[in-house]
Amino acid sequence: MATMVVAKPKLIFVFSGKRKSGKDYVTGLIHERLGSEVCCILRLSAPLKEQYARERGLDFEELLGSGQYKEQYRADMIAWGERRREQDPGFFCRLAQRGATQPIWIVSDARRLSDLQWFWTEYPSQTRCVRVEASELTRQKRGWEFTPGIDDAESECGLDHGVNFDWVIHNEEDAPPLEEQLQALLLLAQEKAGPEAS
Ligand SMILES: Nc1ncnc2c1ncn2[C@@H]1O[C@H](COP(=O)(O)OP(=O)(O)OP(=O)(O)O)[C@@H](O)[C@H]1O
Ligand SMILES: C[C@@](O)(CCOP(=O)(O)O)CC(=O)O
């Protein structure tokens with residue numbers, strides 16, 4: 001693969017969390033708050049879903065969505081992606097960062113230790129890891145249903161242990177407001193991005 005010249009970010013928030021914990025929702029709030037000039041969202045699953053959809057004639061936008069369409073293909077997408085990661089753990093990380101020019105990056109969907117290790121290796125001083133947490137009851141209310149072979153496999157459990165997260169965001173009705181929980185991340189981003197981010 002030709003070497004891609006990528007503008008160096010000043011800060012990278014690498015988010016992870018269980019299905020329907022609210023990764024996209026929370027990262028969308030940060031992106032909205034910081035603005036597109038300063039911040040971009042990188043989805044590791046986007047290049048995977050794009051190629052998978054192309055090979056199978058599926059609807060890429062639907063695979064990116066939060067509905068049930070993608071759930072039909074999740075197990076096969078996981079297997080498809082893992083075959084590629086076995087050959088090159090950073091394959092989707094490199095593709096996801098293409099075209100990112102903003103100083104603040106948000107990776108919304110890390111799932112494996114190899115994802116975190118890639119960013120820690122490539123961007124050791126810029127990378128911060130954030131976990132989004134929600135109870136199973138809350139996730140069920142958002143449309144999650146335990147699925148054997150998915151919710152007990154690496155795609156969902158790969159970061160359950162052995163990671164010292166920089167922040168844990170509790171995305172629950174009875175938790176402090178997200179704006180309050182995200183304050184420290186937003187302040188750090190504004191500090192790193194400089195005056196244009198304020
Ligand atoms: N704090 C919240 N308030 C209101 N709606 C929320 C909140 N958090 C999540 N949701 C909603 O719950 C659903 C699941 O959230 P989201 O898509 O962000 O989860 P996810 O962790 O990205 O899931 P997946 O891994 O399946 O993509 C979405 O419809 C989202 O709008
Ligand atoms: C195949 C996969 O990328 C699907 C992720 O979809 P989503 O982020 O839950 O919308 C999960 C994985 O890579 O294990």
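**View 1. Helices H2 and H4 make a right-handed crossing.** This is a predicted model, in which local features need pLDDT of at least 70, side-chain atom pairs count only at pLDDT 80 or more, and totals for chains, interfaces and linings use all residues. Residues are numbered from 1 along each chain as its sequence is written, and side-chain values use heavy atoms, with hydrogens and water left out. H2 spans residues 45-56 and H4 spans residues 74-87. Helices are DSSP runs of H or I with at least four residues, strands are E runs of at least two, and both are numbered from the N terminus. The two axes come within 11 Å and cross at roughly 115°. H2 and H4 are therefore roughly perpendicular to each other (65 to 115 degrees). Right-handed means that the near helix is turned clockwise from the far one by less than a right angle. Axes are lines fitted to C-alpha atoms over the stretch in contact, and angles run from 0 to 180 degrees between N-to-C directions.

**View 2. Residues of H2 meet residues of H4.** H2 brings Leu48, Lys49, Gln51, Tyr52, Glu55 and Arg56. H4 brings Asp76, Met77, Trp80, Gly81, Arg84 and Arg85. Contact means heavy atoms within 4.5 Å. By class, the contact of H2 with H4 has four nonpolar, two polar and six charged residues.

**View 3. The largest nonpolar core has 20 residues.** Such a core is a set of buried Ala, Val, Leu, Ile, Met, Phe, Trp, Tyr and Cys residues joined through side-chain atoms within 4.5 Å. Buried means under 20% relative accessible area (1.4 Å probe, protein chains only). Phe13, Phe15, Ile30, Leu34, Ile104, Leu182 and Leu185 touch the most other members. Two or more residues come from each of S1, H1, S3, S4 and H10. H10 gives the most, with five residues. A second, separate core of 19 residues includes Cys40, Leu42, Leu44 and Tyr123.

**View 4. Helices H1 and H10 pack at an angle of about 40°.** Their axes are 11 Å apart. Ile30, Arg33 and Leu34 of H1 meet Leu185, Leu186, Ala189 and Gln190 of H10. Leaving aside neighbours within four places in sequence, Ile30 is in contact with Phe15, Ile106, Leu182, Leu185 and Leu186.

**View 5. Lys20 lies in the loop between S1 and H1.** Lys20 is not a glycine, yet has a positive phi of about 65°. Lys20 is buried, with a relative accessible area of 18%.

Definitions and conventions:
Chains are lettered from A and ligands numbered from 1 in the order in which they are written. Angles under 35 degrees count as roughly parallel, over 145 as roughly antiparallel, 65 to 115 as roughly perpendicular and the rest as oblique. Ala, Val, Leu, Ile, Met, Phe, Trp, Tyr, Cys and Pro count as nonpolar, Asp, Glu, Lys and Arg as charged, and the others, Gly among them, as polar. Buried means under 20% relative accessible area, exposed over 50%, partly exposed in between (1.4 Å probe, protein chains only).
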